[in-house]
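Please open the model in a viewer and follow the stops below in order. Each stop names a selection and then describes what is found there.

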Amino acid sequence: AVFKPENVEDFYEIGEVLGSGHFGQVRQVRERTSGNFWAGKFLKIRKVACSRLGLDRSSVEREVEILQAVQHPNIVALKDVFESRAEVVLILELVSGGELFDFIAEKENLLETEAIEFMKQILEGLRFIHCKNIAHFDLKPENIMLSDKVSKPPNIKLIDFGLAHMFHPGEEYKSTSGTPQYIAPEVISCQPLSTAADMWSIGVITYILLSGLSPFQGDTDEETLGNVIAMKYEFNEHYFSLTSPMAKDFIQKLLMKNPEDRMTAEECLHHPWIKPITPKQAAKRNRSSINMKN
Ligand SMILES: Cc1ccnnc1
């Protein structure tokens, strides 16, 4: 794929750093013609294949191809791509409402019903990419952002498709990248992956959303990975006493060792915790606040 060879600074004024990660850094940028703000994701491209620094150009092409294929209100939009000597710049929709967990940590108390509103949007975005045979493979709190700080309910955007993969029929895909706290057992044991690996991460994120605890986190990455493989987690009464049984059922149906046993995003959206079938089920949602003890 050929990206725009023009200098990105001819079209955008480069602003403050918004975030950085395994890829490079994201800066706020201002489009010179319109004055509109966007996010510029500056990716270092490695010139020689064996270099450890920078990204392989093919992995950047993959991220661009995937972002172009998933246009959805809950997925960050890609507007433009520039390339200079050793750098590719993705011009992305500016998502300036901060990370989901910072938002929730700031608030005094948050009802399960509000948590459900967030989860619904995350699941809508996932259902959309999964039905295109695309998995995100790096779902975690840092990659779930709010479009702004004022909309009610807030609008969720999934960002960072740098580890995402588009499955082709009959093709196996394995990868060991991801973040230990959120990766599924099959990732650790190097088995072929599927979109079900994202659903495990959703189970972990929901558990944290409702309790403030990370289910498998150990003192080291090795310990965390050991806990994931051993499926060693529990609903500690001290943190989960106020959590509704339907919420725990939702989590349990995602934290299943066998990827085929896990709910899909579609099934999650029809789970009684997310979509109460009867008013009685709606009433069963607990009214209490969510523990945010960290
Ligand atoms: C960090 C980030 C990424 C994409 N858009 N806005 C902000």
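**Stop one: the ligand**

Select the ligand together with V26, A39, E93, L94, V95 and M145, the residues around it, each having a heavy atom within 4 Å of the molecule. The model is predicted: local features need pLDDT of at least 70 and side-chain atom pairs pLDDT 80 or more, whereas totals for chains, interfaces and linings use all residues. Residues are numbered from 1 along each chain as its sequence is written, and side-chain values use heavy atoms, without hydrogens or water.

This shell comprises five nonpolar residues, no polar ones and one charged; Ala, Val, Leu, Ile, Met, Phe, Trp, Tyr, Cys and Pro count as nonpolar, Asp, Glu, Lys and Arg as charged, and the others, Gly among them, as polar.

Next, display the backbone of E93, where an N or O atom lies 2.9 Å from a ligand nitrogen. At V95, a backbone N or O atom is 3.0 Å from a nitrogen atom of the ligand. Of the 230 Å² that the ligand exposes when taken alone, the protein buries 91% (Shrake-Rupley method, 1.4 Å probe).

**Stop two: backbone geometry**

Move to K152 and P153, which are joined by a cis peptide bond with omega of about -15 degrees. P153 belongs to the loop between β7 (144–146) and β8 (156–158); strands are DSSP E runs of at least two residues, and helices are H or I runs of at least four, numbered from the N terminus.

Then select N133, a non-glycine residue with a positive phi of about 60 degrees, in the loop between α4 (112–130) and β6 (134–135). Finish at M231, also not a glycine, whose phi is positive at about 55 degrees; M231 is located between α7 (221–229) and α8 (237–240), in the loop.

Note on methods. A polar contact is a pair of N or O atoms within 3.5 Å; within protein, one must be able to donate a hydrogen and the other to accept it, and residues adjacent in sequence count only if both atoms are side-chain atoms.
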